Amino acid sequence: MHRGMRCVVFDVGETLVDESRMWADLAEQAGVPAAIVSDVLAAVISRGEHHTRVWDVLGADPPERRPVIEPRDLYPDALDCVAAVRSCGLSVGIAGNQPEGVDNLLRAAGLEADFIGSSAAWDVSKPDLAFFRRLVDEAGMPAPDILYVGDRLDNDVLPARAVGMRTAHIRRGPWGFMHAKRPEVALADLRVDSLSELAALLVL
């Protein structure tokens with residue numbers, strides 16, 4: 001796994017960032033109990049539908065204000081994992097489907113990365129392969145030298161693999177747990193339950 005690997009790129013939501021508080025905020029804006037939103041989200045994910053379908057199912061207007069990422073939203077193992085990767089001499093990237101300005105928010109939360117990309121800044125969203133080709137360009141190295149870490153098969157593991165990157169699936173967050181039950185998860189080069197586990201594997 002380590003041979004030739006020079007860069008680790010992390011997805012944002014449910015990889016580095018716990019989105020629980022943000023979903024609770026969205027539920028409050030929509031006037032729907034957070035527990036109901038959580039149940040409907042699980043059903044939407046199980047059907048392979050886009051998460052915005054939650055509001056259609058609930059018959060609620062989509063919240064107009066998207067909660068911003070705050071330092072408290074980082075998973076407890078996020079900063080330590082990124083630091084461990086950097087200590088190995090590997091470069092670090094962060095790239096996901098996120099709005100403009102996410103780079104400043106993530107750096108303000110303490111994440112150090114050689115590059116941070118977003119769907120808004122790059123004008124292309126996952127799982128479009130053009131997103132991952134742009135990621136490879138930003139990393140400045142061949143795709144096989146890059147490990148992409150994410151919680152989803154459809155948006156992360158499968159398209160990253162399709163452009164030649166190595167992949168790690170992290171089993172956390174609503175997508176992570178559900179996608180871990182699918183047979184395609186075996187296509188990921190690594191399967192972990194936390195970034196602490198990933199860091200331990202990478203620093204061996």
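Predicted model: local features only at pLDDT ≥ 70, side-chain atom pairs only at ≥ 80, totals over all residues.

Analyst: A residue is called buried when its relative accessible area is under 20%. By that criterion, the buried residues of helix 10 (residues 195-202) are Leu195, Leu198, Ala199 and Leu202. Seen down the axis of helix 10, these buried residues fall within an arc of 100 degrees, so they line one face of the helix.

User: What covers the buried residues of helix 10?

Analyst: The cover includes strand 1, helix 4 (78-87), strand 4, strand 5 (166-170) and strand 6 (190-192).

User: With which strands does strand 1 pair, and in what sense?

Analyst: Pairing is read from the bridges between two strands, of which at least two are needed. Strand 1 pairs with strand 2 (residues 91-96) in the parallel sense over four bridges, and Cys7 stands opposite Ser91 in strand 2. Four bridges also join strand 1 to strand 4 (residues 146-150), again running parallel, with Val9 opposite Tyr148 in strand 4.

User: How many aromatic pairs does the structure hold, and how should I read their geometry?

Analyst: The general idea is to look at the angle between the ring planes, where over 60 degrees counts as edge-to-face. The structure holds four aromatic pairs. One of them joins Phe131 and Phe132, edge-to-face at 5.3 Å centre to centre with 70 degrees between the planes. Phe132 also forms an edge-to-face pair with Tyr148, at 5.4 Å centre to centre and 85 degrees between the planes. This latter pair links distant parts of the chain, since Phe132 lies in helix 7 (residues 129-139) and Tyr148 in strand 4, 16 residues apart.

User: Why do Phe132 and Tyr148 count as buried?

Analyst: Phe132 counts as buried because its relative accessibility is 0%, and Tyr148 because its relative accessible area is 1%. Together with Trp122 and Phe131, these two residues form one aromatic cluster.

User: Where does the charged end of Arg172 sit?

Analyst: The charged end of Arg172 sits over the ring of Tyr75, 3.7 Å from the ring centre.

Conventions: Residues numbered from 1 in each chain as written. Heavy atoms only, no water. Helix = DSSP H or I, 4+ residues; strand = E, 2+ residues; numbered from the N terminus. Phe/Tyr/Trp six-rings, centres within 6.5 Å; stacked < 30°, edge-to-face > 60°. Buried < 20%, exposed > 50% of the residue type's maximum accessible area, 1.4 Å probe, protein only. Lys NZ or Arg CZ within 6 Å of the ring centre and 35° of its normal. Arc of directions from axis to C-beta. Contact = heavy atoms within 4.5 Å.
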